[in-house]
Amino acid sequence: MNRIQNFLPLAASLLLIILLGYTGIAKLTDFASFRSAMQNQEIPLDWARQLAWAIPMVEMLLVGLLLWEKTRIWGFIGSLALLTVFSTYVGLIWIGSFPRVPCGCAGIFDSMSWGAHLVVNLVFVAISAVGIYLSTTMPGEGHQESGDRFKGLISASRMR
């Protein structure tokens, strides 16, 4: 059972590493197109320019956090936050909340329908949430320590 307990958070992190690494590298390798797509978004131009740099950098930072067991919980938390924002945005596009359909996807996601993109995003939101749960509840090397730190943050924020 201990092997499975150690494997599940690792498997969740590897799936997120593949997704975030792929999309981050795709955005950086075709940065001019990504920046142009960001400037076509329904957000102020200055924000779009800032986000064009920030999004791939955050994705690569999350990959780094997910690689190491001691920082993996923070990678899961960051992935959950980022993917929730992306999913919300894709969902708003899918239901027609914007006067025009912007695009800022990377790689294979460019060819997906918005509904399919939303489903993929929600699957990875779930993987991130499961990763947080497993990292904070399963005993194992490093899990309990980082889980206790995370639970301490939640407790401290509730006391305010």
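Which residues in H4 are buried? The points below take this up, along with the rest of the fold.

1. **Model and confidence.** This is a predicted model. The mean pLDDT of the protein chain is 84. Of its residues, 78% reach 70 or more. Confidence is highest in H3, at 96. It is lowest in helix H6 (residues 143–159), at a mean of 53. Read H6 with that value in mind.

2. **Overall fold.** The protein chain has six helices and zero strands. Along the sequence the pattern is α-α-α-α-α-α. Buried residues account for 39% of the 160 residues. Take the contacts between residues at least 6 apart in sequence: 68% of these join residues at least 24 apart. The chain exposes about 9,100 Å². Carbon and sulfur atoms supply 69% of that area.

3. **Helix H4.** To the opening question: the buried residues in H4 are Arg 72, Ile 73, Gly 75, Phe 76, Ser 79, Leu 82, Leu 83, Ser 87, Val 90, Gly 91 and Ile 93. Just after H4, Gly 96 takes a positive phi of about 85°.

4. **Ser 79.** Ser 79 sits in helix H4. Is Ser 79 buried or exposed? Its relative accessible area is 0%, so it counts as buried. Beyond its neighbours within four places in sequence, Ser 79 is in contact with Leu 16, Leu 20, Leu 62, Leu 66 and Ser 128.

5. **Main nonpolar core.** The largest nonpolar core has 17 residues. Those with the most contacts inside it are Leu 16, Leu 20, Leu 66, Phe 76, Leu 83, Phe 124 and Ile 127. H1, H3, H4 and helix H5 (114–137) each supply at least two residues of this core. Leu 66 shows how the parts meet. Setting aside neighbours within four places in sequence, Leu 66 is in contact with Ser 13, Leu 16, Ile 17, Leu 20, Arg 72, Gly 75, Phe 76 and Ser 79.

6. **Second core.** A separate core of six residues is also present in the model. Among its members are Phe 31, Phe 34, Ala 48 and Ile 55.

7. The structure holds two salt bridges. In one of them, Glu 59 pairs with Lys 27, and the closest N and O atoms are 2.7 Å apart. This pair links distant parts of the chain. Glu 59 is in helix H3 (residues 45–67), Lys 27 is in helix H1 (residues 2–29), and 32 residues separate them. Both Glu 59 and Lys 27 are buried.

8. Asp 46 and Arg 49 form a salt bridge through their side chains, at 3.9 Å from N to O. Side chains of opposite charge can pair when their charged atoms come close. Asp 46 and Arg 49 both lie in helix H3, three residues apart, about one turn of the helix. An α-helix has 3.6 residues a turn, so residues three or four places apart point the same way. How exposed is Asp 46? Its relative accessible area is 54%, over the 50% cut-off, so Asp 46 is exposed. Arg 49 has a relative accessible area of 41%, so it is partly exposed.

Notes: Residues numbered from 1 in each chain as written. Predicted model: local features only at pLDDT ≥ 70, side-chain atom pairs only at ≥ 80, totals over all residues. Heavy atoms only, no water. Helix = DSSP H or I, 4+ residues; strand = E, 2+ residues; numbered from the N terminus. Buried < 20%, exposed > 50% of the residue type's maximum accessible area, 1.4 Å probe, protein only. Contact = heavy atoms within 4.5 Å. Areas by Shrake-Rupley, 256 points an atom, 1.4 Å probe, with all protein chains shown as cover. Salt bridge = Lys/Arg side-chain N within 4 Å of Asp/Glu carboxyl O. Core = buried A, V, L, I, M, F, W, Y, C linked by side-chain atoms within 4.5 Å. pLDDT = per-residue confidence, 0-100.
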